[in-house]
Amino acid sequence: MTLTNRPRGTNDVGPGEIELWHQLEEKIRQVCSAFGYKELRTPIFEHTELFQRGIGEATDIVEKEMYTFMDRGQRSLTLRPEGTAPLVRAFVENRYGEGALPVKLYYLGPMFRYERPQAGRYRQFTQFGLEALGSADPLLDVEAIVLPLELYKACGLSGFQVEINTIGCPVCRPAYREELVKYFEPHADKLCGSCKNRLERNPLRLLDCKVEGCQEIMAGAPSITKHLCPECEEHFSQVLAYLDALGIEYKLNHRLVRGFDYYTKTVFEVTCSELGAQNAVGAGGRYDGLVEELGGKPTPAVGFAVGVERLLLALRGQEKAKAETAGPDAYIVHFGGETKQRAAQTAFFLRRRGLWVELDYLGRSIKAQMKAADRLGSRHVLIFGEDELSRGEAVLRDMKDGQEQKVDLQDLEQLAKILGECGQ
Ligand code: AMP
């Protein structure tokens with residue numbers, strides 16, 4: 001380790017890249033606003049127990065991936081590995097459920113998982129997620145799928161695919177679970193190490209193992225469809241009917257399960273062919289038992305989370321990620337001394353009008369300042385020569401066509417107007 005290396009699995013997002021984030025964040029806010037989802041910001045860390053109870057003890061996240069630490073008061077805290085449990089905690093704690101239902105909320109921020117870093121998989125990554133609490137309406141499941149699709153489309157992403165499944169509920173899942181165990185037990189010695197463990201603790205998770213040997217065994221595993229209770233069956237058929245009515249393409253995948261214990265009924269994932277091994281750009285599902293599990297009143301809910309870095313990777317792969325690269329509105333070239341003071345006064349005035357104005361801080365020659373203005377892509381150069389200044393004037397050069405004009409420094413409002421109009 002050296003002081004100048006960031007921790008493994010983390011990223012810096014700086015100029016050239018941050019503009020894309022800002023554009024994306026703006027689009028997220030626009031889409032959420034159209035669907036009536038309001039932002040909720042929860043703490044970066046929570047009590048460890050929230051995730052143990054919320055996500056489930058027998059999940060990869062809780063068993064292997066959490067950043068957990070004791071604070072100085074000997075409380076066990078965890079950097080949030082996902083956004084749903086914290087949001088539900090806030091929903092219960094702040095009694096949001098006592099107002100109008102459903103409550104529609106979204107979050108956007110960093111999550112932390114101790115995973116093996118690779119392209120599209122980081123230890124600190126960003127999720128945008130939405131959750132609708134307080135209604136069991138299958139239309140909300142569909143909304144949780146469609147809203148991120150609208151975001152992907154607004155970004156120009158193509159080639160994504162929706163996969164959908166139902167994993168039943170506490171009424172019908174136990175019998176299915178038993179069936180699965182019965183099916184897999186005779187094959188136990190051929191399963192990978194993780195699956196052997198899953199067979200005992202979380203048999204549903206066997207279904208999405210990517211190891212080849214396990215996949216072969218999986219091919220003959222019983223499907224949940226035959227085990228659904230009437231309510232789950234009806235719910236799922238309504239979800240599919242809404243998707244059809246809205247013209248949303250999807251693929252039924254009865255092997256799709258999710259890495260969290262809290263899901264019930266509908267689960268879904270959106271993949272993008274651009275992304276290689278880590279190809280999920282988002283995933284979600286219904287979780288009708290979680291609010292109660294965390295101490296609230298029984299409250300049905302459904303949500304979705306988008307991996308923001310992965311979305312940007314996919315957009316970049318499709319050459320849809322173009323940062324806006326507009327330069328300053330003006331670069332003031334000065335000769336040092338008093339001309340620099342005047343340049344600073346003028347720059348600060350214009351900046352207060354919302355214009356991007358640069359000037360030299362390095363005592364460079366006029367030629368070097370012109371070069372710097374050019375390199376920054378400045379729309380104008382404002383030259384503060386001593387002669388002009390003594391007449392209360394400066395020379396404004398339009399860098400597009402090379403035209404020059406004298407501007408009156410007693411009337412900075414007029415100058416701001418000229419610069420502002422060119423910037424539009
Ligand atoms: P999950 O919370 O596991 O359902 O993940 C939802 C989405 O977050 C995934 O589809 C990915 O797009 C993204 N994601 C999950 N884990 C990571 C990670 N370690 N690094 C980057 N993105 C991730």
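Rings of Phe, Tyr and Trp (its six-membered ring) count as a pair if their centres lie within 6.5 Å; planes under 30 degrees apart are stacked, over 60 edge-to-face, and the rest tilted. Select Tyr262, Tyr263 and Tyr287 to begin: together they form one aromatic cluster.

Before moving on, note that this is a predicted model, in which local features need pLDDT of at least 70 and side-chain atom pairs count only at pLDDT 80 or more, while totals for chains, interfaces and linings use all residues. Residues are numbered from 1 along each chain as its sequence is written, and side-chain values use heavy atoms, with hydrogens and water left out.

**Aromatic pairs**

The whole structure holds eight aromatic pairs. Select Phe45 and Phe69 next: their ring centres are 6.4 Å apart and their planes stand at 80°, so this pair is edge-to-face. The two residues are 24 apart in the chain, with Phe45 in strand E2 (residues 45-47) and Phe69 in strand E3 (residues 67-70). Strands here are DSSP runs of E with at least two residues, numbered from the N terminus.

Buried means under 20% relative accessible area, exposed over 50%, and partly exposed in between (1.4 Å probe, protein chains only).

Now select Tyr152 and Phe160, a tilted pair with 5.5 Å from centre to centre and 55° between the planes. Tyr152 is buried, at 0% relative accessibility, whereas Phe160 is partly exposed at 22%.

**Charges over rings**

Go to Tyr114, where Arg123 lies over the face of the ring, 4.0 Å from its centre. Then select Phe349: the charged end of Arg353 sits over this ring, 4.2 Å from the centre. The rule asks for NZ of Lys or CZ of Arg within 6 Å of the ring centre and within 35 degrees of the ring normal.

**The cavity**

Which residues line the largest cavity? Select Asn165, Ile167, Tyr176, Leu204, Leu207, Ile224, His254 and Val257. Six of the lining residues are nonpolar, two are polar and none is charged. The cavity has a volume of about 30 Å³. On a 1 Å grid over the protein atoms alone, a cavity is a set of points where a 1.4 Å probe fits but cannot get out, and lining residues have an atom within 4 Å of a point.

**The domains**

Finally, colour domain 1 (18-172 + 228-317) and domain 2 (330-422). Their C-alpha centres lie 50 Å apart. The bounds come from an automatic or database domain assignment.

Note on methods:
1 Å grid on protein atoms, 1.4 Å probe; cavity = no way out; pocket = protein on both sides within 12 Å on 5 of 7 lines; lining within 4 Å. Points joined across faces, edges and corners; volume = space filled by probe spheres on them. Nonpolar A, V, L, I, M, F, W, Y, C, P; charged D, E, K, R; others polar. Helix = DSSP H or I, 4+ residues; strand = E, 2+ residues; numbered from the N terminus.
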